[in-house]
Structure formats: structure tokens, C-alpha cells
Amino acid sequence: MRIAVVGSGTMGHGIAEVAAMAGMEVKLIDISWDILNRAKERMYDSLKRLHERGTIRETPDTVMSRIEISVSYDVAKDVDFAIEAVPEILELKRKVFQELDRVVPKESILATNTSSIPISDIGEITSRKEKVIGMHFFNPPPLMKLVEVIPSKYTSEDVTRYTVELAKKMGKTPVRLRVEVPGFVSNRIFLRLLQEACREVESGEATIEEVDSSARNKLKLPMGIFELADYVGLDVAVDLWKVIVERGASDVKCSSYKERVDRKELGVKTGKGFYTYPAPGKYSKVSLPPESKVPPERIISLAVNEGAWLIENNIVNAEEIDTVMRLGFNFPKGLLEMADELGLDKILNALREIHSRGYEAYSPNPLLVKMVSQGQTGKSSGRGFYTYGKT
Ligand code: CAA
């Protein structure tokens, strides 16, 4: 199987690496040899780590021998599948898709790794909109098991099924959305975590470190919320926030992310964001205070409210939301499973309390209100997002 990946940045080089590890022949395309050579070094370094840990049997050199780098689209003339992973600028995506549409065989599928731009808008640029689909990987692609598969309103069922199977062949667990929504599942929930983290700090209720300490030490997340924002890139976070809110999601007033982006402090990639890192592009775990006064149910309250919205609108079910958070963000357990354990009544109270202070986005979702009013308050009551047997 031959696959083209366009864009060799943080996500593109990781996706190319994943495809090559799965035995596929990969054509990695970008605009300069410098960028491509850097991507090659990063793939080699990652493969070396995976080989040393025994995750892959093949040597890094063997895997790398399946990757061809190029500054020309011509190498994509006989690929079966192409994935675009260039920056989140619609004009740029438009150009890439026009090129791919021109070069890639007519029967092949064109996928985008966009984290927030509507797939339908991208599909419309091409002459094969039924063969354009969202295939959303998570950073770092070689480690994160999730791929969200997002059919646009034009995508054919065959193309969606093929993409789901391809994700499995790449060793990933696909979660398929029934209907496309801005930000998909992952980034709608991520946005809500970013919003609440920001509200905590800008309302003076907690410090950045306290929010992150609670996320890491109480919720047992692999990273704090601000730490994760730094890891993903604050520019990416600001972009996805803007795109999702512009397309109808409720907003929360916040300047913490944007002001750092304006200062060119983009997080791990520049070596500084909310925290300082050893060098640009080099992540190391941030040190946080062991104690925090921030209640864990408050940190996830807005995200759980979003989860209820996704279920209510039949985009995905509770298990699928939890798969997204476990495998896309390495949560130790699903978001809704956590909510059930903490108590849906507590989550609802947190939302109501913040909402009463004038934060419109915290208006509790009707599904959540109904569950709590019917006594479905989570694990302790035997029913919440899940049903629990008596122990
Ligand atoms: N390739 C291979 N190995 C890698 C790697 C890579 N790219 N990155 C890290 N590793 C390895 C490290 O070498 C290390 O290996 P050893 O245990 O053998 O030493 C191991 O992974 C753990 O790494 P670290 O010690 O550096 O740090 P950690 O324990 O905190 O783990 C992490 C790092 C796996 C990234 C973890 O912190 C984590 O899961 N964080 C959450 C990441 C996340 O949520 N990603 C999704 C972001 S959202 C997104 O991508 C979508 C979007 O649209 C915005």
C-alpha cells in the first residue's frame, strides 16, 4: 500500500512514521529539503526510542527505507491514499487539496488531519468530494492510539469504511463520528478543558500550577491542562478555539492563551509557554505543587457538559467519548467514567454555580439535568453515563 503525507511538521512526520511502521510505502511531501531533513531526523529519533523499548522489531533504518521525502507532489501520482497535515490555514489547505486532486489517482482517497476546519469545506475544493474525509491523529502519533474518522456531508459510506479499516491497519483504534461537528469530539472537549482552566485562573480562583496540579494529581491525567496546551502548541489551541466558537460553540472570556501567542510564546515548540522547557521542541514534564485546592469535578465540569451535548445530538455515545479521551489524550479512564465516579450531582452543581455568576457557556445541558433529577448521579447511585452492578 502506498500513502502520501503532505506536511512534515509535528503531526505530519509522526503520521508518516506510523504508516511506515505499519509496512506502508510512504511519500512525505513538504516545501523545503531543510524541513524534510529535520522531519527525517525526528522520525529516526522516535523510531530509535520505539526500537530500544521493544515496541517495534524492525530497525529504524528498515522502517525509514520505506519513507521517501520530496518537495514535489509528483511522487504522489500512484498512491492509494493521501493525508494532509499542513498548518490550519484554509487557504493553504485549499492549495494542497487542489494539488493532490490533480496528481493523486482519481479512485484514491484524500484525507485531512485538520483538528477543526470542517471537512465539507475542504472536500468542496476538490473534484471528488465524496472521497474526502477527516482522519484526525493525536500528538505524538506514534504513541497515541486514537484516530477520529470524520465523514463530511459528502463522504461516501465506502470511503468512511475504508478509512476506518486503514486506521486499524496502522495499529490505531478508530472512533467514527456519525455527523460532522466543528472540532469533532476531541477538540470540543479539549476546548472546554482549556476554557475552564482559563476561567479558574482569570477569575482569581486558582493559579496555573494549582489547576495543573489538580489535573495531574487528583484526576491523574498525564499532563496538566496548561501543560497540555503548551505541548499541543498555544497557536494551535487558539486556532481551534476560534474555529469552534465561530461555528457556534459558546465562548468563555479568556486572554491567557492569546497573549502568549502574541508574544510568540507558543509552548514546547518555542521552549516557552505557560512553562519553560529545556529547549525549543524539547518537552520535559513540568514540576507542580503536590497539593491543590481546585476541586477535580470543577475542572472537568464544562467538558462533561460538552460530552452530554455530543450524546444528546447523537454524534457519538458515552463509550466513544471515553475512548477518545483515553486513547487520544491518555486519560487513565474515560471522562464520563470519571464524572460518574466524582458524582454527576457535583458536576451539575459546579456548572450551576459558575453559570449563576454570568458565564453563559456553563448553562447545564438538559440531558445532564434530566439524569440528575432522575437520580442517575453516577457510580454511587448505580447509574450515570454507565450502569453499575451491585458489588
Ligand atoms: N516517539 C517515540 N517515543 C516517544 C515519543 C515519540 N514521539 N515521545 C515520547 N516518547 C517516549 C519517551 O522516550 C519515553 O520513553 P521511556 O519511557 O522508554 O523513557 C516515554 O515516551 C514517556 O515520555 P516522557 O518521559 O517524555 O514523558 P511522559 O511520561 O509525560 O509521556 C506523553 C509523554 C506520552 C506525551 C504523555 O505525557 C501523554 O500522554 N500526554 C498527553 C498527550 C496528549 O494528550 N496528546 C493529545 C493532544 S491533542 C491532539 O494532538 C489533537 C489536536 O488536534 C490538538
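View 1. Glu68 is partly exposed at a relative accessible area of 35% (buried is under 20%, exposed over 50%, partly exposed in between, with a 1.4 Å probe and protein chains only). Glu68 belongs to strand S3 (residues 67–70) and Lys27 to strand S2 (residues 25–29), 41 residues apart, so the pair links distant parts of the chain (helices, H or I with at least four residues, and strands, E with at least two, are DSSP runs numbered from the N terminus).

A note on the model: this is a predicted model, where local features need pLDDT of at least 70 and side-chain atom pairs count only at pLDDT 80 or more, while totals for chains, interfaces and linings use all residues. Residues are numbered from 1 along each chain as its sequence is written, and side-chain values use heavy atoms, leaving out hydrogens and water.

View 2. The closest N and O atoms of Glu205 and Arg298 are 3.1 Å apart, a salt bridge. Glu205 lies in the loop between helix H7 (186–202) and helix H8 (208–218), with Arg298 in helix H12 (residues 296–312), so the pair ties together parts 93 residues apart in sequence. Arg298 is buried, at 15% relative accessibility. Zoom out and you'll find a network of salt bridges linking Glu196, Arg199, Glu200, Glu205, Arg298, Glu353 and Arg357.

**View 3. Where domain 1 meets domain 2.** The protein splits into domain 1 (1–174) and domain 2 (185–381) (bounds from an automatic or database domain assignment). The contact draws 15 residues from domain 1 and 14 residues from domain 2 (contact being heavy atoms within 4.5 Å). Between them the domains bury about 1,200 Å², 59% of it on carbon and sulfur atoms (accessible area, 1.4 Å probe, that two parts lose on being put together, summed over both). There is one salt bridge between the domains.

**View 4. Arg260 inside helix H11.** Arg260 is found in helix H11 (residues 256–262), and at 12% relative accessibility it counts as buried. Not counting residues up to four places away in sequence, Arg260 touches Ile208, Leu234, Glu265, Gly273 and Phe274.

Technical notes. A salt bridge is a side-chain nitrogen of Lys or Arg within 4 Å of a carboxyl oxygen of Asp or Glu.
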